Amino acid sequence: MTITATIPAPAPAPRHLTAADLPLWLVTMPTTSPTGARGEQTFAVRALTYDEALGAAATTAYAHPALRHRRGARIDTAAARATLHH
């Protein structure tokens, strides 16, 4: 008796995603100025998931250019919301 087995074809190698391949998210965070005025700051980030987009935007929110743009306003990263850009 001869037993034959079928060997499945190898899966294609995973493709490395570049930043341009990732979805674009618009992440908006509320701000409060030193005088109490309320506003928002929005960040465009590329990320695979909603949570990754929030994390990337939170990191960017504390970078020098974003801090300078807010001119002393506090930002609430915990209240961030993200929208997938189409």
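This dialogue walks through selected features of a predicted model.

Reader: Where do I start: how many helices and strands are there in the chain?

Author: Begin with the order of the elements. The chain has two helices and four strands. Along the sequence they follow the pattern β-β-α-α-β-β.

Reader: What share of the residues counts as buried?

Author: Of the 86 residues in the chain, 23% count as buried. The accessible surface comes to about 6500 Å², and carbon and sulfur atoms make up 60% of that surface.

Reader: Which strands does strand 1 pair with, and in which sense?

Author: Look at the bridges between strands. Strand 1 is joined to strand 2 by nine bridges, and the two run antiparallel. Four bridges join strand 1 to strand 4, also antiparallel. With strand 3, strand 1 pairs over two bridges in the antiparallel sense.

Reader: Which residues stand opposite each other in these pairings?

Author: Threonine 28 has arginine 81 of strand 4 as its bridge partner. Proline 30 has glutamate 40 in strand 2. Threonine 32 stands opposite arginine 38 in strand 2, and threonine 32 also stands opposite arginine 74 in strand 3.

Reader: How should I think about side chains along a strand?

Author: In a regular strand the side chains alternate between the two faces of the sheet. For a case to look at here, take threonine 31, which lies in strand 1.

Reader: Is threonine 31 buried or exposed, and what is it in contact with?

Author: Threonine 31 counts as buried because its relative accessibility is 10%, and the cut-off for buried is under 20%. Leaving aside neighbours within four places in sequence, its contacts include Gly39, Glu40 and Gln41, as well as Arg70, Ala73 and Ile75. The side chain of threonine 31 also reaches the backbone nitrogen of glutamate 40, at 3.5 Å.

Reader: What does the search for aromatic pairs find?

Author: The search of the whole structure finds one aromatic pair. Tryptophan 25 and tyrosine 50 form it, edge-to-face, with 6.0 Å centre to centre and 80° between the planes. Tryptophan 25 is in strand 1 (residues 24–32) and tyrosine 50 is in helix 1 (residues 50–61), so the pair ties together parts that are 25 residues apart in sequence.

Reader: How do tryptophan 25 and tyrosine 50 count for accessibility?

Author: Read each residue by itself. Tryptophan 25 counts as buried, at 10% relative accessibility. Tyrosine 50 is partly exposed, with a relative accessible area of 35%.

Reader: What does the side chain of arginine 46 reach?

Author: Arginine 46 lies in strand 2 and counts as partly exposed, at 40% relative accessibility. Its side chain reaches the backbone oxygen of leucine 22 at 2.7 Å. Not counting residues up to four places away in sequence, arginine 46 touches Ala19, Ala20, Leu22, Pro23 and Leu24. Arginine 46 and histidine 85 are 39 residues apart in sequence, and their C-alpha atoms are 9.9 Å apart in space.

Reader: How do I read phi values?

Author: Most residues other than glycine have a negative phi. Two residues with a positive phi can be looked at here. Glycine 36 takes a positive phi near 100° in the hairpin of strand 1 and strand 2, which has five residues between the strands. Arginine 71 is a residue other than glycine, and its phi is positive, near 50°.

Reader: Where is arginine 71 placed, and is it buried or exposed?

Author: Arginine 71 sits in the loop between helix 2 (64–70) and strand 3 (74–75). At 73% relative accessibility, arginine 71 counts as exposed.

Key
Residues are numbered from 1 along each chain as its sequence is written. This is a predicted model: local features need pLDDT of at least 70, side-chain atom pairs count only at pLDDT 80 or more; totals for chains, interfaces and linings use all residues. Side-chain values use heavy atoms; hydrogens and water are left out. Rings of Phe, Tyr and Trp (its six-membered ring) pair if their centres lie within 6.5 Å; planes under 30 degrees apart count as stacked, over 60 as edge-to-face and the rest as tilted. Buried means under 20% relative accessible area, exposed over 50%, partly exposed in between (1.4 Å probe, protein chains only). Accessible areas come from the Shrake-Rupley method with a 1.4 Å probe; for residues, only the protein chains shown count as cover. Two strands pair if DSSP finds at least two bridges between them. A polar contact is a pair of N or O atoms within 3.5 Å; within protein, one must be able to donate a hydrogen and the other to accept it, and residues adjacent in sequence count only if both atoms are side-chain atoms. Contact means heavy atoms within 4.5 Å.
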